[in-house]
Amino acid sequence: MSGPSLADLQEAAAGLAGIAVRTPLLALEGLLPGAEVRLKAEHLQPIGAFKIRGAWTAIRRLSPELRAHGVVTSSSGNHGLGIAYAANRHGIPAIIVMPESAPAIKVAGIRELGAQVVLIGRVRGPEQGVEASRLVEERGMTMIPPYDHPDVMAGQGTCGLEILEQWPEVATIVVPVGGGGLLAGICAAARALRPDLRIVAVEPTGVPKLSAAFRTGQPETLDGGTSLADGLLTRSVGELTWPGIKTTVSEVVDVTDDDITAAMKWLAARGIRVEPSGAVTTAALLASRIELPGRTVVVASGGNVDPARYDALVG
């Protein structure tokens, strides 16, 4: 399987009407000489991140019987917010398993939406997935993984559909990569509508899981590593996201924490407030990691960052 079909993406887009915002493309003047760059402002979604797309699509497509038993997931934050939001709107229970290091603003947001939060493990790792699986067995709930799920990928891919509708002349889309749900979804949209489109994936230098997968030809699980980009700390790309990524992504670049901080400051000076994970694509251009971008969209995946941390990074 190489990802959702065009019909699948279009159905997901129709199902998101009135739920997800059709986020604007914001012109980033002066970011890179000779390039026209626009930012896909997913930080303006109701939950502050693109994850609402996949979470809503996955829960909406469940049968009423499965929805009634509730849903569970593991998340570092934004997917959990998406699941909590969708579960709240559907009136069903949700449990979000998170690492103890998850940003407080994301934990608080999930609880405010009525979902139960279970904190386990110091950092993002296999512990959260194990606990989520245990809850599925114990309570008969349905697991909605953060990226390795066909409906999640279809929902995230609607971001790609929007970009191509908003700017048909775009030549390059720069996408952050954690587990690969957003990247795989945008790749699916590109394959269906613009096979010539250049897709560039950006990952943190400290957690280069996609580079590792391209080296060996299959998803690889990293032993460690960290980054300011807490939403991109997944140790491996997904088994379902990988096939579509490997055949469509043009290149993979990495950015350091210093690159990310510089990008957050650059965007803040222009009134755009994003979290570290949402700044990695802008960082890749500012740090000259991408050559000859031409007409380019950088996806700002989210804006959920603790105020104190944001102030400390941006100053």
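View 1. Helix 7 (residues 150–166) lies across strand 1, strand 2 (36–41), strand 7 (172–176) and strand 10 (295–300), and runs at about 140 degrees to strand 2. Contact here means heavy atoms within 4.5 Å, helices (H or I, at least four residues) and strands (E, at least two) are DSSP runs numbered from the N terminus, and axes are lines fitted to C-alpha atoms, for helices over the stretch in contact, with angles from 0 to 180 degrees between N-to-C directions. This is a predicted model, in which local features need pLDDT of at least 70 and side-chain atom pairs count only at pLDDT 80 or more, whereas totals for chains, interfaces and linings use all residues. Residues are numbered from 1 along each chain as its sequence is written, and side-chain values use heavy atoms, with hydrogens and water left out.

View 2. The open sheet of 6 strands has the order 1-2-10-7-8-9 with mixed pairing, where two strands pair if DSSP finds at least two bridges between them. Strand 1 (25–27) and strand 9 (251–255) are the edge strands, each pairing on one side only. Neighbouring strands of this sheet are turned by 30 degrees against each other on average, direction ignored. Strand 8 (residues 198–204) pairs with strand 9 in the parallel sense over 5 bridges, and glutamate 203 stands opposite aspartate 254 in strand 9. Helix 9 (residues 209–216) lies across strand 8 and strand 9, running at about 120 degrees to strand 8.

View 3. Glutamate 42 is in the loop between strand 2 and helix 2 (52–60), and arginine 53 is in helix 2, 11 residues apart. Glutamate 42 counts as buried because its relative accessibility is 0%, and arginine 53 likewise counts as buried at 1%; buried means under 20% relative accessible area, exposed over 50%, and partly exposed in between (1.4 Å probe, protein chains only).

View 4. Glutamate 131 forms a salt bridge with arginine 134, with the closest N and O atoms 2.8 Å apart, and both residues lie in helix 6 (residues 126–139), 3 residues apart, about one turn of the helix. The side chain of glutamate 138 also meets that of arginine 134 in a salt bridge (2.6 Å, N to O), these two being 4 residues apart in helix 6. Glutamate 131 is buried, with a relative accessible area of 13%, whereas arginine 134 is partly exposed at 39% relative accessibility.

**View 5. The largest pocket.** This pocket has a volume of about 470 Å³ and is lined by 19 residues, of which Arg124, Gly125, Tyr147, Thr234 and Ser236 lie nearest its centre. Helix 6 contributes the largest share of the lining, 3 residues. On a 1 Å grid over the protein atoms alone, where a 1.4 Å probe is used, a pocket is an open set of points with protein on both sides within 12 Å along at least five of seven lines, and lining residues have an atom within 4 Å of a point; grid points are joined across faces, edges and corners, and a volume is the space filled by probe spheres set on the points.

Notes. Salt bridge = Lys/Arg side-chain N within 4 Å of Asp/Glu carboxyl O.
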